[in-house]
Amino acid sequence: SNKLRFAKYHGGLHAELAVLHKCNVNRIKTVVITRVNKQGELLPIHPCTTCKRVLDKLGIKIKTIEEI
């Protein structure tokens, strides 16, 4: 849950970076991000500058659900 992640990492952790803690970073080539409202509709989303910078540095591409 978000509350557990907030406590564990001393702040919010975006999904783009959370996956790096759970998976072998060397095997990740692309991260797909999406945002869904309560009605189940897709909403526009873009990674924050920090997430983009970290993933770019690691050579990991970021795609939105609309791009795939």
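1. Let's start with one term: a residue counts as buried when its relative accessible area is under 20%, as exposed when that area is over 50%, and as partly exposed in between. With that in hand, look at helix α2, where E16, L17, A18 and L20 are buried. Please keep in mind that this is a predicted model.

2. Now for the overall plan. The protein has 3 helices and 4 strands. If you walk along the sequence, these elements come in the order α-α-β-β-β-α-β. The chain has 68 residues, of which 19% count as buried.

3. Which residues make up the largest nonpolar core? There are 10 of them: L13, L17, A18, L20, I28, V31, I33, C51, L55 and I60. The largest share, 3 residues, is from α2. Try to find L17 in the structure: apart from neighbours within four places in sequence, L17 is in contact with C51 and V54.

4. Next, the two helices α2 and α3. In general, a packed pair of helices is described by the angle between the axes and by the distance between them. Here α2 and α3 pack at about 45°, and their axes are 9 Å apart. That angle makes α2 oblique to α3. On the α2 side the meeting residues are E16, L17 and L20, and on the α3 side they are C51, V54, L55 and L58. The cover over the buried residues of α2 includes α3 and also β1.

5. Is E16 buried or exposed? With a relative accessibility of 7%, E16 counts as buried, because the cut-off is under 20%. Not counting residues up to four places away in sequence, E16 touches V31, I33, P47, C51 and L55. Of the residues that E16 touches, V31, I33, C51 and L55 are also listed in the largest nonpolar core.

6. I28 is another buried residue, this time in a loop. The loop runs between α2 and β1, and I28 has a relative accessible area of 14%. Leaving out neighbours within four places in sequence, I28 is in contact with V19, L20, C23 and I60. I28 and L58 are 30 residues apart in sequence, while their C-alpha atoms are 9.4 Å apart in space.

7. For a contrast, turn to G59, in the loop between α3 and β4 (61–64). G59 has a relative accessible area of 57% and is exposed. Along the chain, 33 residues separate G59 from N26, and the distance between their C-alpha atoms is 9.6 Å.

8. L43 falls in the middle category. You will find L43 in strand β3 (residues 42–43). Its relative accessible area of 23% makes L43 partly exposed. Not counting residues up to four places away in sequence, L43 touches R35, V36, N37 and E66. L43 and I65 are 22 residues apart in sequence, and their C-alpha atoms are 9.8 Å apart.

9. Finally, a charged pair. As a general point, side chains of opposite charge can pair when their charged atoms come close. How many salt bridges does the model hold? The count comes to 1 salt bridge. The partners are D56 and K52, whose closest N and O atoms are 3.2 Å apart. An α-helix has 3.6 residues a turn, so residues three or four places apart point the same way. Both ends of the pair are partly exposed: D56 has a relative accessible area of 43%, and K52 has a relative accessibility of 42%.

Terms used
Residues numbered from 1 in each chain as written. Predicted model: local features only at pLDDT ≥ 70, side-chain atom pairs only at ≥ 80, totals over all residues. Heavy atoms only, no water. Salt bridge = Lys/Arg side-chain N within 4 Å of Asp/Glu carboxyl O. Buried < 20%, exposed > 50% of the residue type's maximum accessible area, 1.4 Å probe, protein only. Core = buried A, V, L, I, M, F, W, Y, C linked by side-chain atoms within 4.5 Å. Contact = heavy atoms within 4.5 Å. Axes fitted to C-alpha atoms, helices over the stretch in contact; angles between N-to-C directions. Parallel < 35°, antiparallel > 145°, perpendicular 65-115°, else oblique.
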